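Student: I would like to learn how to read packing features from a set of coordinates. Can we go through them one at a time?

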Amino acid sequence: FYNIKHRFIPILKTQAGSRLLQNFLPQTKPEIISLIYKELSDKITLLLPDSYANYFCVKLFTYLTPNERLSFLNIITKHIVSLSTNKIATCPIQCIISNIISRKEKEVFMKAVNKVMKKLAFDVYGAHVLEKIVICFERELSLSIISFVIEHFILLANHEIGRASCRE
C-alpha cells in the first residue's frame, strides 16, 4: 500500500491495475483497507463511471467496515442521478445495491432514491437501478418504487424506455 499511496487513481484506471488491486483486497488487513478508502473516498464518484476503476470500487465496498460503508453510500447517494443514469456507472451502482446488507444502509440509499424517483424511472439506466432495488430490498423499503410505477404506469408504459424493454 505504502508504495502506491497517492498513485491509486492512475493504477485503477487501467485494466491490469484494477484487477491487481481487486485481487489484493482479500488478503489485506482491515486497517490498510481503511487507509485505501480514506485516500479514495472523495474520488469514488469519479471512479464509478470509469471502465476499470468501477470494479475495484464495488469490491472495496464489500470490505469496508459498517461505518465506512455508510460513508461510501452517503457519498454516492449525493450523486445518485448522475451515477445511475451513466452508461458505465449504472452497473457498479446496481452491484453495490446487491451488496447492501444492513437496514441502515438500505434506508440511506432509499432516502436518496425517493427524492429523484422520476428522474431514475424515466431513464433507461436509472430504471434498471430501481428494478435492482425492488429485487434486492425488502418489500416495505421498495414500496415507494412500486407505488410510483403503479401511479405512473401509463406514462412509463408509453415512454421510450418502456417500449424499448418490451422489444427485448
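Student: Where is serine 142 found, and is serine 142 buried or exposed?
Tutor: Serine 142 is found in helix H12; helices are DSSP runs of H or I of at least four residues, numbered from the N terminus. The model is predicted, so local features need pLDDT of at least 70 and side-chain atom pairs count only at pLDDT 80 or more, while totals for chains, interfaces and linings use all residues. Residues are numbered from 1 along each chain as its sequence is written, and side-chain values use heavy atoms, with hydrogens and water left out. Buried means under 20% relative accessible area, exposed over 50%, and partly exposed in between, with a 1.4 Å probe and protein chains only. Serine 142 has 1%, so it is buried.

Student: Which residues does serine 142 touch?
Tutor: Contact means heavy atoms within 4.5 Å. Leaving aside residues up to four places away in sequence, serine 142 touches Met110, Ile133, Val134 and Phe137.

Student: How many aromatic pairs are there?
Tutor: Rings of Phe, Tyr and Trp (its six-membered ring) pair if their centres lie within 6.5 Å; planes under 30 degrees apart are stacked, over 60 edge-to-face, and the rest tilted. The count here is 4 aromatic pairs. One of them joins phenylalanine 122 and phenylalanine 148, edge-to-face, at 6.5 Å centre to centre and 75° between the planes. Phenylalanine 122 lies in the loop between helix H10 (117-121) and helix H11 (124-136), and phenylalanine 148 in helix H12 (residues 139-151), so the pair ties together parts 26 residues apart in sequence. Phenylalanine 148 is buried, at 11% relative accessibility. Elsewhere, Tyr37, Phe61 and Phe72 form one aromatic cluster.

Student: How are two packed helices described?
Tutor: By the angle between their axes and the distance between the axes. Axes are lines fitted to C-alpha atoms, for helices over the stretch in contact, and angles run from 0 to 180 degrees between N-to-C directions. The axes of helix H5 (residues 53-63) and helix H8 (residues 90-98) come within 10 Å and cross at roughly 10°. That makes H5 roughly parallel to H8, as angles under 35 degrees count as roughly parallel, over 145 as roughly antiparallel, 65 to 115 as roughly perpendicular and the rest as oblique.

Student: Which residues make the contact of H5 and H8?
Tutor: Asn54, Val58 and Phe61 of H5 meet Pro92, Cys95 and Ile96 of H8.

Student: And what is the angle between H5 and H6?
Tutor: About 145°, with the axes 8 Å apart. Cys57, Phe61 and Thr62 in H5 meet Arg69, Phe72 and Leu73 in H6.

Definitions and conventions
Helices (H or I, at least four residues) and strands (E, at least two) are DSSP runs, numbered from the N terminus.
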